[in-house]
Amino acid sequence: MLRFSTAGESHGEALVALLSGLPAGVPVDSAFLARELWRRQQGYGRGGRMRIETDTAHILSGVRHGKTIGSPVAMTIANRDWKNWEEILPVEEGDSSKHKAVASPRPGHADLPGSLKYNFKDARYILERASARESSARVAAGALAKLLLRCFGIEVLSHVVRVGAVELERGYQWEELVSSTARETILLNCIDQDVEARMKGEVDRALRTGDTVGGVFEVVAHGVPPGFGSHVNWDERLDGLLAQSVMSLQAVKAVEIGRGVTAAESMGSNVHDSIAYAGETPDAATRFTRATNNAGGMEGGISNGEDVTVRGYLKPISTLRRPLASVSFETREPVKAAYERSDVCVVPAAGVAAESMVALTLARLLLEKFGGDSVPESRRNFDGYLQQIRSF
Ligand code: EPS
């Protein structure tokens with residue numbers, strides 16, 4: 001069983017990712033891990049913290065001679081900023097006069113409900129863990145899940161389809177997503193550079209006014225065969241599992257599978273993806289084809305062989321340079337919400353983190369369906385199943 005968890009706080013010594021259940025024999029490409037972590041740090045509108053950090057996964061266990069060995073993989077990502085916080089947030093008792101309390105909670109952040117729940121008159125300990133910095137550890141684990149999926153011809157990528165009021169309105173092919181993701185400079189990770197320039201205008205507007213801006217990313221998993229997830233139980237449905245995994249990311253407030261949002265306002269004849277038969281095509285995972293993919297690659301909670309598409313709707317970051325109204329924990333008087341520093345837009349970065357969540361979910365389902373303690377064993381089971389599907 002694939003299990004994954006993270007530990008670590010934004011200004012602590014390091015983030016930690018623990019992934020267990022990977023079969024032996026997954027090639028671990030450290031350049032790929034570095035690129036994935038780098039991608040999460042990019043994007044127009046990121047804050048000062050990204051100039052301090054160069055996220056690098058340090059693998060402690062589970063990988064030897066460049067391949068997984070079946071034992072749990074533990075990784076750390078050092079926080080370079082720790083040296084500036086060591087005395088402010090020590091593990092030991094330390095000097096309390098150095099502490100930087102956050103006593104005016106930010107609307108939209110975990111500050112107020114977290115402080116009430118954990119009984120702190122200071123949101124510091126809450127925001128340290130609630131911060132999206134944690135998503136760096138998810139990306140490290142997700143990179144390993146992606147490397148496993150690659151052994152089965154499955155790839156997961158993302159792009160940005162909306163920033164503020166600017167939306168990508170045209171369709172695209174998988175190949176266009178592959179080439180735009182390979183760019184050496186990531187602005188807003190939109191496949192269309194004209195639309196991207198207009199998206200940049202939205203970020204500039206937020207920058208000028210001390211505000212923040214949200215948007216929508218789309219994750220696409222390509223090469224997923226029919227049969228991941230199941231209709232038989234509520235907690236086995238692929239759509240439900242993906243929604244939970246993407247919704248669990250910081251600042252995501254809604255998740256859409258395929259064109260689920262517009263489907264709700266359309267007639268059935270305009271929504272459902274009509275079925276055709278392609279005949280003898282030995283390369284395809286299934287000979288049943290679709291003219292459209294409004295269902296986002298799944299029906300009845302089961303993948304149908306089309307690209308799996310999941311969108312995440314991101315609220316604007318809740319730390320504003322022009323802070324909103326709040327209340328002091330100490331005096332109960334009205335004050336402005338706390339501000340240290342912040343990103344203005346994180347939609348591309350959230351998309352990369354969501355790729356990881358989708359990859360981890362698909363990797364888990366793949367291993368549940370095909371089993372195997374080594375990649376060749378899993379691959380034999382997978383190939384036998386593909387054979388069955390092709391000769392259906
Ligand atoms: C983040 C690091 C954080 C923020 C951001 C995400 O760095 P710092 O808090 O030191 O400025 O840039 O955190 C949030 C979005 C948040 O809500 O806390 C990162 O590595 O992605």
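Ala251 is buried, at a relative accessible area of 17%, where buried means under 20% relative accessible area, exposed means over 50%, and partly exposed covers what is in between, with a 1.4 Å probe and protein chains only. Ala251 is not a glycine, yet its phi is positive, at about 80 degrees. Its place is the loop between helix 9 (238-247) and strand 10 (252-257); helices (H or I, at least four residues) and strands (E, at least two) are DSSP runs, numbered from the N terminus.

Before I go on, the basis. This is a predicted model, in which local features need pLDDT of at least 70 and side-chain atom pairs count only at pLDDT 80 or more, while totals for chains, interfaces and linings use all residues. Residues are numbered from 1 along each chain as its sequence is written, and side-chain values use heavy atoms, with hydrogens and water left out.

A second residue with positive phi is His65. Its phi is near 50 degrees, and His65 is not a glycine either. His65 sits in the loop between strand 4 (63-64) and strand 5 (67-68). Is His65 buried or exposed? His65 is exposed, with a relative accessible area of 86%.

Back to strand 10, which holds Val252. Val252 counts as buried because its relative accessibility is 6%. Contact means heavy atoms within 4.5 Å. Leaving aside neighbours within four places in sequence, Val252 is in contact with Phe217, Val246, Met247, Gly312, Tyr313 and Leu314.

Now the core. A nonpolar core is a set of buried Ala, Val, Leu, Ile, Met, Phe, Trp, Tyr and Cys residues joined through side-chain atoms within 4.5 Å. The largest one has 87 residues, and those with the most contacts inside it are Leu144, Phe217, Phe228, Leu362 and Leu366. Helix 12 gives the most to this core, at 15 residues. Apart from it lies another core, of six residues, including Val102, Ala103, Ala123 and Phe329. In soluble globular proteins, nonpolar side chains tend to be buried together.

Take Leu362 as an example. Leu362 lies in helix 12 (residues 347-370). It is buried, since its relative accessible area is 0%. Beyond four places in sequence, Leu362 is in contact with Leu149, Val156, Ala221, Val224, Phe228 and Leu238. Gly229 is 133 residues away from Leu362 along the chain, and their C-alpha atoms are separated by 8.9 Å.

Last, the whole chain. How many helices and strands are there in the protein chain? There are 13 helices and 17 strands. The radius of gyration, taken over C-alpha atoms, is compared with a globule rule of 2.2 Å times the number of residues to the power 0.38. For 392 residues a compact globule would have a value near 21 Å, and the protein chain has 22 Å, so the two agree. The C-alpha trace spans about 75 × 50 × 40 Å along its principal axes. Buried residues make up 50% of the 392 residues. Of the contacts between residues at least 6 apart in sequence, 71% join residues at least 24 apart.
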